[in-house]
Amino acid sequence: MTAYLLKRLVIAAITLVVASMVVFAVLEVLPGDPARLMLGMNASADQVALLRNQMGLDAPLILRYLHWVGGLVTLDFGRSYTYSVPVIDLVRERLVVSLPLALMALTLSTAIAIPVGLFAASRQGRAGDAIAMGTAQLGVAVPNFWFALMLIYLFAVWLRLVPAGGFPGWSAGAWPALKALLLPAVALALPQAAILARVTRSALIEVMNEDYIRTARAKGLPYRAVLWRHALRNAMIPVLTILGLQFAFLLAGTIIIENVFYLPGLGRLVFQAITQRDLIVVESVVMLLVAAVIIVNLLVDMSYALADPRLRGRQ
Amino acid sequence: MTVSHETPGSRSLASRAFANRSFVAGFIVAVLVAAMALLSYLWTPYDVTRLVISDKTLPPSSAHWFGTDHFGRDILSMIMVGARNSIAVALVAVGIGMGFGVPLGTLAAARGGLVDDALMRLNDLFFAFPALLSAIMITAIFGPGAVNAIIAIGIFNIPVFARVARAGALSIWPREFVLAARAAGKGPARITVEHILPNIATLLLVQGTIQFALGILAEAGLSYLGLGAQPPMPSWGRMLFDAQTRMATAPWMAIFPGMAIVITVLGLNLLGDGIADILDPKSRRRA
C-alpha cells in the first residue's frame, strides 16, 4: 500500500517538474519581445533595454527558470505585463469564477451520467438502453461551444430566463452569480456526461458478467439489488479514471465556454494573456492547470487503492 | 484487412458490414460529407468569396436554404467549402498521430524494459497537458492558421496512437505464430512489420476514426477562437464565432454550421463503432 502510494507520488512529482520545464521552454521560443510589446513600437531601443532589465529578461535562462519555479512554489507568480498587478491576484479573482463553474459542471455531469448508465445497463439490449445510448452517442458529437450557443438562444434569447453572458460577481448575491454560471455549467457538463454514461454502462455490464455477480444472483438477490449493491461499487474504477481524465477536459473546456459566455474566469484570462503575449500570466496559469490535472490524477490513482483492496498489493 | 479464421458457414465481411446499422449509417454520412467537400471544388450554390451586403443575414428561404451571414454569403455554400478544411485538418492530424505514434508504440512493445518505461513515462507527461489548452498555446505561438492547427492537433494524437499500438502489440507478442516467427529467426523489426502490424490494424483503424472525429471537433474549437483557418477561407468553427454575437437576430448562422459538425462527428463515431463490431464480433457481446 505505502509502496504503491509512494511510487505514484514520485511519478507525479517528476511529471510536475518535467512539465514545468516544458512550459517554460515552450514560452521561451515565443516570438515577440514582451518589453517591446508593452512600450509599443515607438519606444527607443534604450527604453526597451531598460525595461527588459527591470523585468529580469536579461538573466540567463537557467536562472530565470529557477526564479520562476521558486516563485511558483511560494505562490509569488510575478507581475502581469498587461494588467500591471501581481499574477496571483488575477488568478485569485478569476478562480472564484472558474472553480465553481468546473465543480458545478463535474457535479452535473456525474449526477446525470451515473443514473443514465445504471438505467441503460439494467435494461441492456432493450428500448430504454437503445434510447439512452443513442442520446449519449449524439452528446459525444456535440461541440460544447455550439451547444452553449443553442442554450443561449433557447434560454436567454427566447425564454429570457437567464442572462446571455457576463458575470455579476459574487458580491451581487449567490443566486444571480449561480444563475450566470448555470448555462455555462450545463454546456460543459452534457457532452462530458455523455462519455461518462457510456463508460458507466459498459463497466457495469462487464462487472455483471463476473462470477461473484452470478453467485449473488444464484442466492436469490433480485437483478436490481445486485446491480446497486455489488456491481456499482466494482464498476467505479473505470468511472473514476474517466472522471479524472475529464477534469483536464473540463479545465480546457472552460477556455472556450468562458469565451462564449464572457465569464471573467481563468480560461478567459489565459486565452487573453496568450493573445496579448502576457508571458508571465500564461506560464503561471498553464502551470497551475497542468499541476491541477496531475494532482487530480494522483488522487484518482490513490482512490483506486481505497476502492479496491486488490490493487494495494500490486506494483 | 480480412479475417483469417473464418469458417465456411460464417457470413462474408461485406454482408456483415451491411447488416451492421452503425456501420451503414456512419458510412453513408462519411461518404456524403466527403462528396460535399469534393463537390465544393466544382460547384457551390453561391460564390463564397463574393460579399453581397444587400443580402446580409437573410433567414433561410428557397434561394438560400440555410440563410446568409452578415456579409451576405450563402451559409450552405460556406458549409460545403468549410468541410474541406475540417476534413483536411483532421485527416492530416490523424496521419501525424499514426506516423509517429505507431512506430513508438510498437517499438516500446518490441523492446520492453527501459525503452518501454521511458516512452510510456513520456506519454504520461503528454496526458498531463490539457490537449486543447496546449493546442491553443501552439497556435498562438506559431501564429493562427490551418497548418499550425494541424500540427497542434496532430501532436496530441501521437501519445494516443502510441498507447493503442503498444497495448495491441503487447497482446500479440506472446501468441504462438509470433513465437514461431522468432524460432524461424526473424528479428523484432521484421516480426513487427509482418505479424504485429497486420494484427493491430483493426485497433488502429477504429482509433483513427475516433481521432478523426475528435480532430474535427478540435479544429472547430480552434477556429472558433480565431486560431484555425483564417478568413476568407470558410471554416465551421469560424462561422460559429461570427454567429455568436448575432444569436438574437440571425440564429441560423449558428444552427446550420453546428449541425454540420454534429452530423459529421456522429457519423464518424458510428463508423468507428461499426468497424469495431464487424471486425471483432466479440466486442459487441461485451459492450
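Predicted model: local features only at pLDDT ≥ 70, side-chain atom pairs only at ≥ 80, totals over all residues.
Residues are numbered from 1 along each chain as its sequence is written, and chains are lettered from A in the order in which they are written. Local features need pLDDT of at least 70, side-chain atom pairs count only at pLDDT 80 or more, totals for chains, interfaces and linings use all residues, and side-chain values use heavy atoms, with hydrogens and water left out.

Start where the chains meet. The size of an interface is often given as the accessible area lost when the parts come together. Here chain A and chain B bury about 3,700 Å² between them. That buried area is the accessible area (1.4 Å probe) that two parts lose on being put together, summed over both. Carbon and sulfur atoms account for 80% of it. Chain A brings 44 residues to the contact, and chain B brings 38. Contact means heavy atoms within 4.5 Å.

What charged link crosses this interface? The rule finds one salt bridge between chain A and chain B. A salt bridge is a side-chain nitrogen of Lys or Arg within 4 Å of a carboxyl oxygen of Asp or Glu. The partners are A:Arg198 and B:Asp273, with their closest N and O atoms 3.8 Å apart.

Now look at the side of chain A that touches chain B. Helices α1 (2-28), α6 (127-141), α7 (144-158), α8 (174-208), α10 (223-260), α11 (266-275) and α12 (279-307) of chain A each supply at least two residues to this side. Helices here (H or I, at least four residues) are DSSP runs, numbered from the N terminus. α1(A) gives the most, with eight residues. By class, this side has 36 nonpolar, four polar and four charged residues. Ala, Val, Leu, Ile, Met, Phe, Trp, Tyr, Cys and Pro count as nonpolar, Asp, Glu, Lys and Arg as charged, and the others, Gly among them, as polar.

Next, go inside. In soluble globular proteins, nonpolar side chains tend to be buried together. Buried means under 20% relative accessible area, exposed over 50%, and partly exposed in between (1.4 Å probe, protein chains only).

B:Gln244 leads us to a helix of chain B. It is one of the buried residues of α10(B). This helix is mostly covered, with eight of its nine residues buried. Those buried residues pack against α7 and α10 of chain A, and also against α2 (21-42), α3 (75-111), α9 and α11 (252-279) of chain B.

Charged pairs come next. Over all chains, the structure holds nine salt bridges. One joins A:Asp89 and A:Arg92, at 3.7 Å from N to O. These two are three residues apart in helix α5 of chain A, so about one helical turn separates them. A:Asp89 is partly exposed at 32% relative accessibility, and A:Arg92 is exposed at 54%.

Another pair is A:Arg201 and A:Asp129, with closest N and O atoms 2.7 Å apart. This bridge links distant parts of the chain: A:Arg201 sits in helix α8 and A:Asp129 in helix α6 of chain A, 72 residues apart. Are these partners buried or exposed? A:Arg201 is buried at 12% relative accessibility, and A:Asp129 is buried at 4%. In chain B, B:Arg73 and B:Asp69 form a salt bridge at 2.9 Å. Both of them are buried. Salt bridges with shared partners also join B:Lys186, B:Arg190 and B:Glu194 into one network.

Finish with the backbone. A cis peptide bond, with omega about 10°, joins B:Pro231 and B:Pro232. B:Pro232 lies in the loop between α9 (188-224) and α10 (236-244) of chain B. In chain A, A:Leu75 has a positive phi of about 60° although it is not a glycine. A:Leu75 lies in the loop between α4 (61-73) and α5 (87-122).
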